[in-house]
Amino acid sequence: MSQSTYQLRILTEAEDFLAVEELQRIVWPGNETEVIPTHLLISAVKHGGICIGAYTGGSTDDKGQLVGFVFGLPAIYHTPDGPRLMHYSHMLGVHPDHRSEGLGFLLKRAQWQMVRKQGIDRITWTYDPLLSRNAHLNIAKLGAVCNTYHLDYYGVLRDGLNAGTPTDRFEVDWWVHSQRVNRRLSRQARQQLDLAHYLAAGAEIINPSGLRSDGLPVPRAIHFPFDVLDQPMPAEAYPGLLLVEIPSDYLQIKQLDRDLALEWRLHCRQIFPVLFQQGYFVTDFIYLKGHPARSLYVLSHGEHTL
Ligand SMILES: CC(C)(COP(=O)(O)OP(=O)(O)OC[C@H]1O[C@@H](n2cnc3c(N)ncnc32)[C@H](O)[C@@H]1OP(=O)(O)O)[C@@H](O)C(=O)NCCC(=O)NCCS
């Protein structure tokens, strides 16, 4: 289905939110306690929260079927000049039959437009850094940046996507007025840079992964280009660009081999907190389709808002 056949609507009514509850059960199957209920969605949207739904088809009498939604609410962050308002985007979900058709992007773009109108300049959210599709959407397509790694952010989650492994998360920042974000959301979006571009610019993969005989990627040694025990060095002493490899299909690994999934989780824990502490930001993501597919985060030292 092409993007133009979906309709986006701002959701405000109880009947809309019952459909959002239903869609949550499909996207995050397995545990009723993880579903955000209608009464909370209503309270939130009556007080600055935003919930946008994507529908298939529909006519004047029939709304069509809800196949995607994004939901977030106003929140506070602290700066040296005092507390400031931001938008915390709590959930983005697309029905499994409608993924990779650009709906996630459309919903986030609509959220970006509405938050700008509220006069807010920052949107944050968290996601599992091992999910390549989410990384591609959040970092490469939307232009969010990240230098925050949370260990076991939600504690134990019981839904089918999250059960069984620690809930480590990236917290990303989406600076809604930045050139980076505006360029990526514009109709003439920038051409995405691929691995060859970054390697030609001197970027180094610090954790090239291996392949097991069954085809699953396995983490291997990590080569930090600095001594991790040292105090931070002067900025010019750091390589400007680093690449960090993750599996292209972590959910498949979780299904087939829980121990390997945990190994990947612990591998990421050894990398990202160290790089963030040394001043790196995640600024781009590379997804190479193929057999095997490859997925790599790009981290930059220094300027991250362009
Ligand atoms: C994350 C999610 C919302 C994305 O929705 P979506 O409609 O598929 O997103 P889009 O189609 O706009 O963007 C996905 C991009 O990833 C690409 N992609 C698909 N598989 C990929 C993979 N394994 N690795 C990297 N990119 C991948 C798609 O091709 C698309 O990019 P393109 O437009 O350049 O081709 C959806 O997958 C989902 O609901 N997941 C489960 C719930 C979840 O994780 N929610 C987010 C955290 S709350």
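How far does a polar side-chain atom of Ser132 lie from a nitrogen atom of the ligand? I looked this up in what is a predicted model. The distance is 2.5 Å.

**Entry: the ligand's cover**

I checked how much of the ligand the protein hides. Alone, the ligand exposes 950 Å². The protein buries 83% of that area.

I went on to Ser248. Here a backbone N or O atom lies 3.0 Å from a nitrogen atom of the ligand. Then I looked at Arg133. An N or O atom in the Arg133 side chain is 3.5 Å from an oxygen atom of the ligand.

**Entry: the shell**

**Entry: Asp173**

I turned to Asp173, which sits in strand S7 (residues 169-175). Is Asp173 buried or exposed? Its relative accessible area is 10%. Buried means under 20%, so Asp173 counts as buried.

Which side chain does the side chain of Asp173 meet in a polar contact? I found Arg122, at 2.7 Å. I also looked for contacts of Asp173 beyond its neighbours within four places in sequence. Arg122 is on that list too, along with Ile123, Thr124, Ala144 and Val145.

Definitions and conventions. Residues are numbered from 1 along each chain as its sequence is written. This is a predicted model: local features need pLDDT of at least 70, side-chain atom pairs count only at pLDDT 80 or more; totals for chains, interfaces and linings use all residues. Side-chain values use heavy atoms; hydrogens and water are left out. A polar contact is a pair of N or O atoms within 3.5 Å; within protein, one must be able to donate a hydrogen and the other to accept it, and residues adjacent in sequence count only if both atoms are side-chain atoms. Accessible areas come from the Shrake-Rupley method with a 1.4 Å probe; for residues, only the protein chains shown count as cover. Helices (H or I, at least four residues) and strands (E, at least two) are DSSP runs, numbered from the N terminus. Buried means under 20% relative accessible area, exposed over 50%, partly exposed in between (1.4 Å probe, protein chains only). Contact means heavy atoms within 4.5 Å.
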